[in-house]
Amino acid sequence: MRTGAHPLSARPAGKPGEAGSAYVAVLLVLVVLTILGLALALITQTEMQIGANERTVNRVFYAADSGVETAKIQVLVSRDFSPHSYLFSDTGTVFTSGSAQFGTQVTVSNFAKVQEGPCNLCEINQAGTYSARDFAKTTYYVESAAQRFGTSDAGGTRQPVAQKTVSAMFELQPFDKVIVDPNASK
């Protein structure tokens with residue numbers, strides 16, 4: 001050992017040109033790990049956006065499907081064939097201007113009679129009547145469109161986010177023949 005040199009500061013002699021090669025290797029590994037981490041963060045963010053979009057699309061689809069079911073109920077209960085429109089806010093409150101809110105509007109079309117035939121489910125259908133009322137097997141077509149929107153400006157302007165249209169045909173039997181075709185007057 002040399003005099004005056006600290007015993008820990010002595011470095012073994014290596015090949016010329018190898019000085020700092022471990023430092024470069026560590027930096028290279030850190031760069032690769034950083035790029036990998038950024039790629040995973042970007043993939044995670046993209047997956048979160050895809051999940052949010054899928055949730056919105058499903059929400060709009062089920063809103064449109066609910067419109068069809070609501071229309072069926074209105075026909076069965078009150079014989080109401082007219083078009084209807086429903087407006088729902090996510091918060092359950094009335095839409096006010098100047099507040100950011102999300103909501104869904106469902107519009108149900110007018111019913112269209114597609115087909116009418118003899119009722120094969122009536123108990124006594126020999127003459128097509130039961131309790132002095134005419135019954136039939138009637139097929140109707142209805143369409144329901146749902147639109148998801150957001151309001152963000154002071155005027156409360158609705159900006160569409162997603163929309164979906166669902167159409168359905170359904171058969172009602174026994175159903176009164178005396179019900180007038182909803183499209184006959186138009």
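Okay, ground rules. The model is predicted, so local features need pLDDT of at least 70 and side-chain atom pairs count only at pLDDT 80 or more, while totals for chains, interfaces and linings use all residues. Numbering runs from 1 along each chain as its sequence is written, and side-chain values use heavy atoms, with hydrogens and water left out.

The fold reads α-β-β-β-β-β-β along the sequence. Of the 186 residues, 23% are buried, meaning under 20% relative accessible area with a 1.4 Å probe, protein chains only.

Now, Ser 144. It sits in strand S5, residues 133–151, and counts as buried because its relative accessibility is 0%. A polar atom of the Ser 144 side chain lies 2.8 Å from the backbone oxygen of Ala 64.

On to the rings. There are seven aromatic pairs; rings of Phe, Tyr and Trp (its six-membered ring) pair if their centres lie within 6.5 Å, with planes under 30 degrees apart stacked, over 60 edge-to-face and the rest tilted. Phe 81 and Phe 111 have centres 5.7 Å apart and planes at 85°, so they're edge-to-face. That pair links distant parts of the chain, 30 residues apart.

What does Phe 111 do with Tyr 140? Their centres are 6.1 Å apart with planes at 85°, so that pair is edge-to-face. Tyr 140 is in strand S5. Together with Phe 170, the residues Phe 81, Phe 111 and Tyr 140 form one aromatic cluster.

Notes:
Helix = DSSP H or I, 4+ residues; strand = E, 2+ residues; numbered from the N terminus. Buried < 20%, exposed > 50% of the residue type's maximum accessible area, 1.4 Å probe, protein only. Polar contact = N/O pair within 3.5 Å; in protein donor to acceptor, adjacent residues only side chain to side chain.
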